[in-house]
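Work through the two exercises below with the sequence and the model at hand. Each task is followed by a solution in steps.

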Amino acid sequence: MAGFLKVLFRNLLEGPSTDPFPLGETFTPDRLRGKAVVDPDLCMGCGICRHSCAAGAINISPLPDRKGFTITIWQNSCCLCASCRHYCPTGAMSITTDWHTAHPESEKFNRIEQQTIRYEPCAGCGELMRPLPKKLAEKLYAYNDEIDRDLTRRLCPKCRQLEDAKRNACVLPAASGDAAATSVTSAAPTKD
């Protein structure tokens, strides 16, 4: 009996040793899978997340005026497999550690993550397109100081190809010694 009283008094003095939840904050592991979210600044609308989603919880649909797209994640259908995060080439998809997802049955169709992303005009030709995310452009062109990263990320693929050709233009000598040199625009110079 004395041993029991000793443990009882010790527990009363030290307080509870369990998490205070729901009356206070509790420990949340860093790798806990709570709910899927998309970063609209990084999303390119490529659709890889939609194709890799095992539950079919992701939908990408064009806007009615065709000047952008809307990405929707149905949280009620998401199985938290994180394949969207794994396959996203720009890192726009992520799984948060927010595990407070309890909801009444009547709200199950309101549990969506939705982002609308508008296209911007190309800095070269003016055609509507989705610019490269700034973070991705800095990573892609980190080792080439000749490239203006901010301009290049705002160019459509065709204009970006033309800029690359202009930057890598070279002049090849003509076959005969007295003829004028031939101008070639190629990424890699050719050899005779």
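Predicted model: local features only at pLDDT ≥ 70, side-chain atom pairs only at ≥ 80, totals over all residues.

**Exercise 1. Cysteines**

Task: Determine how many disulfides the structure holds, and decide whether cysteine 53 and cysteine 122 are buried or exposed.

Solution: 
- Step 1. A disulfide requires two cysteine sulfur atoms within 2.5 Å.
- Step 2. For cysteine 53, the nearest cysteine sulfur belongs to cysteine 81 and is 6.0 Å away. Cysteine 53 is therefore in no disulfide.
- Step 3. For cysteine 122, the nearest cysteine sulfur is that of cysteine 159, at 3.7 Å. Cysteine 122 is likewise in no disulfide.
- Step 4. The count for the structure is zero disulfides.
- Step 5. Buried means under 20% relative accessible area. Cysteine 53, at 17% relative accessibility, counts as buried, and so does cysteine 122, at 6%.

**Exercise 2. Aromatic rings**

Task: Find which residues form an aromatic pair, classify its geometry, and state where the two residues lie in the chain.

Solution: 
- Step 1. The search of the whole structure returns one aromatic pair. Its members are phenylalanine 69 and tyrosine 119, with ring centres 6.0 Å apart.
- Step 2. The planes make an angle of 50 degrees. Stacked needs under 30 degrees and edge-to-face over 60, so an angle in between counts as tilted.
- Step 3. Phenylalanine 69 sits in strand 3 (residues 68–74), and tyrosine 119 in the loop between strand 5 (112–118) and strand 6 (120–121). The two are 50 residues apart, and the pair links distant parts of the chain.
- Step 4. Phenylalanine 69 is buried, at 4% relative accessible area, whereas tyrosine 119 is partly exposed, at 29% relative accessibility.

Technical notes
Residues numbered from 1 in each chain as written. Heavy atoms only, no water. Buried < 20%, exposed > 50% of the residue type's maximum accessible area, 1.4 Å probe, protein only. Phe/Tyr/Trp six-rings, centres within 6.5 Å; stacked < 30°, edge-to-face > 60°. Helix = DSSP H or I, 4+ residues; strand = E, 2+ residues; numbered from the N terminus.
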